[in-house]
Amino acid sequence: MRFARFLLAAPLALVAPLSHAGDAPLFVPQWLGAQYTFVDQHQSPLHSPYAGPLSLHARSDTRRSDTFGAYFGVALPARLQFYLDVEMFKGGGVSDATGLGGLTNGDVIRSGTTGLGKGPYVARRFLRWTLPLGDATSTGERAQDQLPGAEAVRRVEVKIGKMAASDDFDKNRYAGSTRTQFMNWTLFNDTAWDFAADTRGYTDGVMLAWVDAGWSLRYGIYRMPVHANGQRLVPSLRQARGEQVELTVQPEPDGWALRLLAFRNIASMGVYRQAIATAQASGSVPDITADERPGRRKYGFGLNGELPLADHGDTGLFLRAGWNDGRTESFAFTEVDRTLSGGFQLSGAHWNRPGDRLGVGVALNALSPGHREYLALGGSGFVLGDGALRYGREQLLEVYYSCAVGPYLTLSPDLQLVRNPGYNRDRGPARFVALRMHLEL
């Protein structure tokens with residue numbers, strides 16, 4: 001336990017190389033890379049007969065966001081690796097990143113909606129350990145949180161420290177990066193998976209994996225926030241935690257993949273039906289935070305598939321489906337209880353631009369009966385609250401074109417259309433146009 005506490009506390013000294021007098025360094029830290037992403041997004045005016053505290057703005061809105069990141073890693077003795085990621089976020093999202101289940105700029109996750117500072121912060125700080133189970137190896141290239149070199153195909157893997165749960169779960173090669181692929185939250189993650197995280201999307205925890213040829217099984221346990229969408233985490237996993245297990249089937253390394261996810265959260269959460277009953281008894285507007293009690297549970301499931309079609313896998317299809325019980329409040333990611341999304345990525349090799357990508361994705365988001373009734377009676381969550389609700393499924397369409405400008409820079413115009421924004425048939429449709437620039441070294 002002392003070692004785990006030491007790791008979670010900020011062991012920056014591990015980033016410096018160790019050496020003995022007169023000897024060469026035992027290991028040398030590696031700069032794995034850096035990135036800068038700029039998003040300029042415009043929201044058009046929308047039909048809005050009424051609005052609440054967390055509605056999309058009825059008038060047009062234009063916001064810009066900037067994210068900076070620097071990523072480091074070092075190989076340690078005994079098959080250990082240490083990683084440190086430092087990031088900084090500036091700017092904001094249209095309509096203050098509220099009013100939708102599927103918000104339109106994924107980089108805004110790193111700012112949150114609670115007035116976090118704009119200075120640098122440690123995003124990830126973790127140890128990774130692997131135990132080979134055979135002689136077969138594959139070669140990995142240098143990437144964020146990935147040291148280059150050979151690694152056993154069959155292995156046990158352990159990670160402990162500060163990270164994002166989505167670093168290891170719900171991955172998808174065609175819909176998994178808000179900085180280079182789809183920007184909408186529903187298209188780069190399973191939004192019904194209310195994964196443990198602070199406001200910026202990170203948490204402390206442990207991930208265990210058994211990786212074999214053709215399949216893998218992962219389990220993760222992470223600290224939950226004290227309050228919904230809060231930055232402060234509950235210190236003890238006994239009091240609150242987010243658990244997930246995922247089975248991945250992928251017979252060939254570059255072939256089709258299917259992932260089955262199950263999760264359970266335990267935290268001090270409110271129950272929608274009980275918040276409604278309390279409000280009706282007192283003649284007031286329901287408040288989910290007033291009903292929060294320790295030890296409450298939320299569970300759910302996810303399905304995630306990818307199917308390469310051509311161009312060495314650069315052209316392919318993807319599909320996601322997610323469901324959670326929707327009984328307790330949405331707590332960490334966004335306000336979605338059921339989701340279905342899919343689409344494709346097309347390589348620019350078909351028009352002599354092999355580095356370019358065209359992506360088209362569609363999605364449906366939905367709420368549980370208790371969640372939608374809570375909003376209809378005037379209740380608010382942490383991203384939704386129109387003051388009333390004429391319920392309809394949130395329908396999303398996104399199209400982007402990623403244009404490679406040299407080996408390190410991409411420019412991506414992005415279009416998004418949302419019907420029934422915030423699940424409200426009285427509002428919208430909402431239209432968004434963006435230009436994204438991503439520089440990665």
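The secondary structure of the chain amounts to four helices and 18 strands; helices (H or I, at least four residues) and strands (E, at least two) are DSSP runs, numbered from the N terminus. With a radius of gyration of 22 Å, close to the 22 Å given by the globule rule for 441 residues, the chain is as compact as a globular protein of that length. That radius is taken over C-alpha atoms, and the rule is 2.2 Å times the number of residues to the power 0.38.

This is a predicted model, in which local features need pLDDT of at least 70 and side-chain atom pairs count only at pLDDT 80 or more, while totals for chains, interfaces and linings use all residues. Residues are numbered from 1 along each chain as its sequence is written, and side-chain values use heavy atoms, with hydrogens and water left out.

Along the principal axes, the C-alpha atoms fill a box of roughly 75 × 55 × 40 Å. Of the 441 residues, 53% count as buried; buried means under 20% relative accessible area, exposed over 50%, and partly exposed in between (1.4 Å probe, protein chains only). Among contacts (heavy atoms within 4.5 Å) with a separation of 6 or more, 69% are between residues 24 or more positions apart.

The chain carries 46 positive and 43 negative side chains, where Lys and Arg count as positive and Asp and Glu as negative, with His and the chain ends not counted. Side chains of opposite charge can pair when their charged atoms come close. A salt bridge here is a side-chain nitrogen of Lys or Arg within 4 Å of a carboxyl oxygen of Asp or Glu, and the count by this rule is 26. Three of these pairs are listed below.

| Positive residue | Negative residue | N to O distance |
| Arg124 | Asp85 | 3.4 Å |
| Arg154 | Asp212 | 3.0 Å |
| Arg259 | Glu306 | 3.2 Å |

Arg124 in strand S4 and Asp85 in strand S3 are 39 residues apart. Arg124 is buried at 6% relative accessible area, and Asp85 is buried at 0%.

Arg154 lies in the loop between strands S6 and S7 and Asp212 in strand S8, so this pair ties together parts that are 58 residues apart in sequence. Arg154 is partly exposed at 32%, whereas Asp212 counts as buried at 16%.

Arg259 belongs to strand S11 and Glu306 to strand S12, so their pair joins parts 47 residues apart in sequence. Arg259 is buried at 10%, and Glu306 is buried at 6%.

Salt bridges that share partners also join Asp85, Glu87, Asp107, Arg124, Asp145, Asp167 and Arg179 into one network.

Methods. Charge placed at Lys NZ, Arg CZ, Asp CG, Glu CD.
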